[in-house]
Amino acid sequence: IEEQYYIIFPIIFIFFFKLLSKKIIYFCIILIFLGACISQYLSMFHPSANFYLLPFRVFEISIGVLTAIIFNYYNLASIKIIIKNILSIIGLTTLITSIFLFNEDTLSPSLISLLPLLGCSMIILFTDNGTYVYKILSNRILVFVGLLSYGLYLWHVPLLVFYKINFSIDNNFDYAIVL
């Protein structure tokens, strides 16, 4: 599954980037809009395909691409610090709201996925050394947790599998106890 995100998508997008050049931003916006609408529909009727297949998650990746293009090709340093503070706080608030808003019944990916995606994009684009969000996110405890999180992400599946094999666990409920 991950190959389509790490290998296939970049190759396709490099092709479109060269083909469309200055119109790539419009292409991303169209992909985001159409992709989110299609994903909303599929989340109700074909949730498994919607979750795992690249064509139905392209809107999420396109937000990342659009964020990267804006970050690299536009002068965000000229934006006043008060505006950056407001936009980065809106981004962080949107992201935190998503944590409490989403639950096991939330259709994802779907239109509601735009909340955390746009929140992350706003944090990336508008947070710099002088913003309150930078001060919050550069807190030593949060940085420590952030540094640990990827390693824990990589190790949790093998550990759960070995735990399951060792204790002959058949149902998913026991996984929740380990976590």
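**Figure 1. An aromatic cluster made of F9, F13, F15, F16 and F27.** This is a predicted model, and a search through the whole of it turns up six aromatic pairs. One of them is F13 with F27: the ring centres sit 6.0 Å apart and the planes meet at 50 degrees, so this pair goes down as tilted. F13 comes from helix α1 and F27 from helix α2, so the pair ties together parts that are 14 residues apart in sequence. As for F13 itself, a relative accessible area of 7% makes this residue buried, because the cut-off for that label is under 20%.

**Figure 2. Y41 and F45, a ring pair within helix α2.** Here the centres of the Y41 and F45 rings are 4.9 Å apart, with 45 degrees between the planes, so this pair is tilted. The two residues are four apart in the helix, which means about one helical turn separates Y41 from F45. Is Y41 buried, partly exposed or exposed? With a relative accessibility of 47%, Y41 counts as partly exposed.

**Figure 3. The largest nonpolar core, with its 17 residues.** Which members touch the most others? They are F9, F13, I24, C28, V65, I69 and L114. Helices α1, α2 (24-45) and α4 (58-73) each put in at least two residues, and α4 gives the most, with seven. Zooming in on I24, and skipping neighbours within four places in sequence, you'll find this residue in contact with F13, F16, F17 and I69.

**Figure 4. A nonpolar patch on the surface, built from Y6, I7, I8, I11 and I12.** Taken together, these five side chains' residues have about 520 Å² of accessible area. Take I11, which belongs to helix α1 (residues 2-20). I11 has a relative accessible area of 56%, so this residue counts as exposed, the cut-off being over 50%.

Figure 5. Along the sequence the pattern simply reads α-α-α-α-α-α-α-α-α. The C-alpha atoms fill a box of roughly 60 × 40 × 30 Å along the principal axes. Of the 179 residues, 28% are buried. As for contacts between residues at least 6 apart in sequence, 70% link residues at least 24 apart.

Key:
Residues are numbered from 1 along each chain as its sequence is written. This is a predicted model: local features need pLDDT of at least 70, side-chain atom pairs count only at pLDDT 80 or more; totals for chains, interfaces and linings use all residues. Side-chain values use heavy atoms; hydrogens and water are left out. Patches are made of residues with over 30% relative accessible area and no salt bridge: like charges are joined within 9 Å, nonpolar side chains (Val, Leu, Ile, Met, Phe, Trp, Tyr) within 5 Å. Accessible areas come from the Shrake-Rupley method with a 1.4 Å probe; for residues, only the protein chains shown count as cover. A salt bridge is a side-chain nitrogen of Lys or Arg within 4 Å of a carboxyl oxygen of Asp or Glu. Buried means under 20% relative accessible area, exposed over 50%, partly exposed in between (1.4 Å probe, protein chains only). A nonpolar core is a set of buried Ala, Val, Leu, Ile, Met, Phe, Trp, Tyr and Cys residues joined through side-chain atoms within 4.5 Å. Contact means heavy atoms within 4.5 Å. Rings of Phe, Tyr and Trp (its six-membered ring) pair if their centres lie within 6.5 Å; planes under 30 degrees apart count as stacked, over 60 as edge-to-face and the rest as tilted.
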